[in-house]
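Okay, everyone, thanks for coming. Let me put the structure up and talk you through a few spots.

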Amino acid sequence: MSGFAKELIRRSEAIEYVSKVLGFPWPLGTFSSPLGECRGRRSGLSLPAPLDYPPFSRSTRDGYALRSGDVAGASDTAPVFLRIKGEILMGESTEAFVGEGECLSVHTGGMIPGGADAVVMIEDTLHAAGGWLEVRKALQAGENVIFQGEEIRKGQAILKPGEMLDYRNVGVLATLGLCTVDLVDIRIGILSTGDEIVPAETSILPAGKVRDANAWFLEFLLSCHGFPAMRLGIVPDRREKLAEAVQQGLEECDVLLLSGGSSVSVRDYCSEILEALPSPGLLVRGVNMSPGKPLLVAGCLPDRRLVLGLPGHPLSCSIVAITVLLPLLYRLVGAEALPFKSTTARLAADVFGRAGVEEFIPAVVSEGEVLPVPGKSGYVSVLREARGLIRLPETEETRRAGEQVEVLEW
């Protein structure tokens, strides 16, 4: 593509530049969904807690609720005696009050009566004659107790805009009785391009053709990160057809992904079409990374649209999607998390790189060690085993077995 190599920018700079020019995060629409249908989707709004949690002060042990000041200095050799005032049954509320020198029997999870600020465990006590309890341990205020609102305060944000709903937060929502959630309404379309591409359903593969793998990869990857996407079909290497498909895709979607054809002419077509979009149009024409250099990123502010022209080779497409597309989408919806975590690990084999370009090598990470998985840009099976990417900065070349390297894990 003409001008490609001359206009390369760093991957991190591309992400920052696009995010700034397009004003991420965008105020996307939302829709209400039952909690049971929210798994793997992203919250569209900040969701405040409707009440304190716990809704009442609770015991974390079977024992006796008391005033910590009454048992100051208590020990095996110098026990303190308290009068047992009664018992609070599980699942029942109480208006009982613990006064000076008194205690009440409570169970794990049971309500703490007024006046009490600690619970002594049964094993630290002995029953004495006449309804008295012998306490053999001193307690601090709050010991073995969770106070009302200690974990969550009413009005506290329990879901942030862009946060994905999964096993980590669904229990909080259910506990607070929040069974309807406003989800972000983002539409992502995937358009495959190339005369050599045929649908995956093609039973007999014609000579010179390959089945469409990228669209399926992108759909599944985005779904794992809370971004539902739809495949829009395959467009031949014809400028008019491509322009028409892009225009239709932008009318239907907030984000349009083009899984590019392999020919120079097709990349030129994509570049020309994206340059012609309403302001700002084409923002990035190639990124200084390998694989994945022939990446195009464009935007349209009037309608709030984001377009990425991804490389056609499967491995290149995959790595660009992980390291560029996902960070952009996270910023677009206002998610505070990152799509991957950066760690360090010890190389299990030599890695050969080249200076001047940021490189990503698929790898298997296990017990602090990382093993490179060799693959060329046209490979489709490398990420089947890899669970991370070794990242070699522009300033690094060959790294030897035993050295520490940066690894992006997802």
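Let's start with leucine 408, which sits in strand 26, residues 404–409. Strands here are DSSP runs of E, at least two residues, and helices are runs of H or I, at least four, all numbered from the N terminus. Before I go on: this is a predicted model, where local features need pLDDT of at least 70 and side-chain atom pairs count only at pLDDT 80 or more, while totals for chains, interfaces and linings use all residues. Residues are numbered from 1 along each chain as its sequence is written, and side-chain values use heavy atoms, with hydrogens and water left out.

So, is leucine 408 buried or exposed? Buried, with a relative accessible area of 4%; the cut-off for buried is under 20%, with a 1.4 Å probe and protein chains only. Leaving aside neighbours within four places in sequence, leucine 408 is in contact (heavy atoms within 4.5 Å) with residues including Phe340, Phe360 and Leu389. Its C-alpha is 9.5 Å from that of alanine 363, 45 residues apart along the chain.

Now over to helix 1, residues 11–21, where Arg11, Ala14, Ile15, Val18 and Ser19 are buried. They're on the same side of the helix, because they cover an arc of only 120° around the axis, going by the directions from the helix axis to the C-beta atoms. After helix 1 comes glycine 23, with a positive phi near 70°.

Last stop, the sheet: six strands, open, mixed pairing, in the order 7-4-6-5-9-8. Pairing takes at least two DSSP bridges between two strands. Strand 7 (118–121) and strand 8 (125–128) are the edges, each pairing on one side only.

Definitions and conventions
Buried < 20%, exposed > 50% of the residue type's maximum accessible area, 1.4 Å probe, protein only.
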